[in-house]
Amino acid sequence: MKKLLLCGAALLALPIFAHAATSPIILPTATGTYNEWTPKSGTTHYTAVDETPCNGTTDYVATSTTGKRDSYSIALSSIPNNAFITNIAIVPCASRASTGTGSSVLNVFYRYNGTNGSDLGSYAPSGTTPSALATSTWSGLSLLKTATSTLEIGMVYTSGTKGGRLSRIATQLTYGLPPSATTSAASSITTTSALLNGTVNPNGTTTTAWFRLSTTNPGTCNDTFGTRVPASGSTSIGSGTSSVAYATTTTGLIQNTTYYYCAIATNGYGKGYGTVQSFTTAYTPVTTTITTNITTNQTWGISSSTYYVAANISV
């Protein structure tokens, strides 16, 4: 865990991951699974903690019962589908709920696709006016984002006798994308070889690429069907953010045979697959010349004749 101070609407300070992207600061958009704290006014929880600045005691949710949690839904529209979330950073604006002798320990947590992450923070505020606390960061995650993924962030009153107040909570996410692979048409096709072509967008992370090849159609591209081309090693694509063409020659093919192939690439966030395409190797006919003879005898005539016949047979 890493804690870094955030005030007002300033950007969250996050660990830097090479080639990773960060989301904007995201505030709650709905009430989450846990509704165990009490809003200062009304009954809607997330509207008490979704302000851009921390507004102290203007509105908040509070509890005096240890173990109680409150969570809020986060929109993931800024994260591309198929990205992997590697960091979740949460900054709360919180305080204890009452004055006097005693303590209050608060933690923040996230809930991804219905499963809670660990509690982090161990905040021990001394006052009763919520203020911006240090950022808590979960790093080294590998959470696949899909169209149906859900994220909640929240706070738990872990221990103590003075309760807790939460006036604002926000998050910022660090994520990366696997490469985008495209299978292109094969070229330089002969009876026994072909040049396999593809393009790959590394999406900002160091990427390598290769192909798979088979005489059986796999339906969809994967990294287990047929044979790998090349058998070992791969083509370095780089770490840019635009498509790069690459090609590999495959040999030892059978003439007049249909082959299925696809482009595959990988980086630190996963693999990308192109569509399955096909080509048919060239065909060279084999010509065989057969010569025979036919002799005719004319028993009533003057002479006999021999005729020669040549036949060309292609196979």
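Are tyrosine 259 and phenylalanine 279 buried or exposed? Both of these residues are buried, where buried means under 20% relative accessible area, exposed means over 50% and partly exposed lies in between, with a 1.4 Å probe and protein chains only. The legends below concern a predicted model, in which local features need pLDDT of at least 70 and side-chain atom pairs count only at pLDDT 80 or more, whereas totals for chains, interfaces and linings use all residues. Residues are numbered from 1 along each chain as its sequence is written, and side-chain values use heavy atoms, with hydrogens and water left out.

**Figure 1. The protein as a whole has zero helices and 25 strands.** Helices (H or I, at least four residues) and strands (E, at least two) are DSSP runs, numbered from the N terminus. Of the 315 residues in the protein, 42% are buried. Among contacts with a separation of 6 or more, 75% are between residues 24 or more positions apart, a contact being heavy atoms within 4.5 Å. The accessible surface comes to about 14,800 Å², and carbon and sulfur atoms account for 52% of it; these areas come from the Shrake-Rupley method with a 1.4 Å probe, and for residues only the protein chains shown count as cover.

**Figure 2. A disulfide joins cysteine 54 to cysteine 93.** A disulfide is a covalent bond between the sulfur atoms of two cysteines, and here the term is applied to a pair of cysteine sulfur atoms within 2.5 Å. A search of the whole structure finds two of them. In the pair shown here, cysteine 54 and cysteine 93 have their sulfur atoms 1.3 Å apart. Cysteine 54 lies in the loop between strand S3 (38-39) and strand S4 (61-63), while cysteine 93 lies in strand S6 (residues 84-95), so the bond ties together parts that are 39 residues apart in sequence. Cysteine 54, at 25% relative accessibility, counts as partly exposed, whereas cysteine 93, at 3%, counts as buried.

**Figure 3. A disulfide joins cysteine 221 to cysteine 262.** The sulfur atoms of this pair are 2.1 Å apart, and the torsion about their S-S bond is about 70°, so the disulfide is right-handed. The pair links distant parts of the chain, 41 residues apart, with cysteine 221 in the loop between strand S17 (207-214) and strand S18 (227-229) and cysteine 262 in strand S21 (residues 258-267). Cysteine 221 is buried, with a relative accessible area of 13%, and cysteine 262 is also buried, at 0% relative accessibility. When bonded cysteines are counted along the chain, the disulfides of the protein follow the pattern 1-2, 3-4.

**Figure 4. Aromatic rings come together in pairs, five in the structure.** Rings of Phe, Tyr and Trp (its six-membered ring) pair if their centres lie within 6.5 Å, and planes under 30 degrees apart count as stacked, over 60 as edge-to-face and the rest as tilted. Phenylalanine 211 and tyrosine 246 have ring centres 4.7 Å apart and planes at 20°, so this pair is stacked. Because phenylalanine 211 is in strand S17 and tyrosine 246 in strand S20 (residues 244-250), the pair ties together parts that are 35 residues apart in sequence. Both phenylalanine 211 and tyrosine 246 are buried. Tyrosine 259 and phenylalanine 279 form an aromatic pair that is stacked, with 5.7 Å from centre to centre and 20° between the planes. Their positions, tyrosine 259 in strand S21 and phenylalanine 279 in strand S23 (residues 277-280), are 20 residues apart, and the pair links distant parts of the chain. Tyr259 and Phe279 form one aromatic cluster with Tyr261.

**Figure 5. Arginine side chains lie over aromatic rings.** A charge sits over a ring if NZ of Lys or CZ of Arg is within 6 Å of the ring centre and within 35 degrees of the ring normal. Arginine 69 lies over the face of phenylalanine 109, at 4.7 Å from the ring centre. The charged end of arginine 228 sits over the ring of tryptophan 210, at 4.4 Å from its centre.

**Figure 6. The largest nonpolar core holds 32 residues.** A nonpolar core is a set of buried Ala, Val, Leu, Ile, Met, Phe, Trp, Tyr and Cys residues joined through side-chain atoms within 4.5 Å. In soluble globular proteins, nonpolar side chains tend to be buried together. Ile88, Tyr110 and Leu166 touch the most other members of the largest core. At least two residues of this core come from each of several strands, including strand S5 (69-74), strand S7 (104-112) and strand S14 (164-176). Leaving aside neighbours within four places in sequence, isoleucine 88 is in contact with residues that include Tyr110, Trp138, Leu151 and Leu173. Apart from this core lies another, of 17 residues, among them Leu196, Ala209, Ile237 and Ala265.
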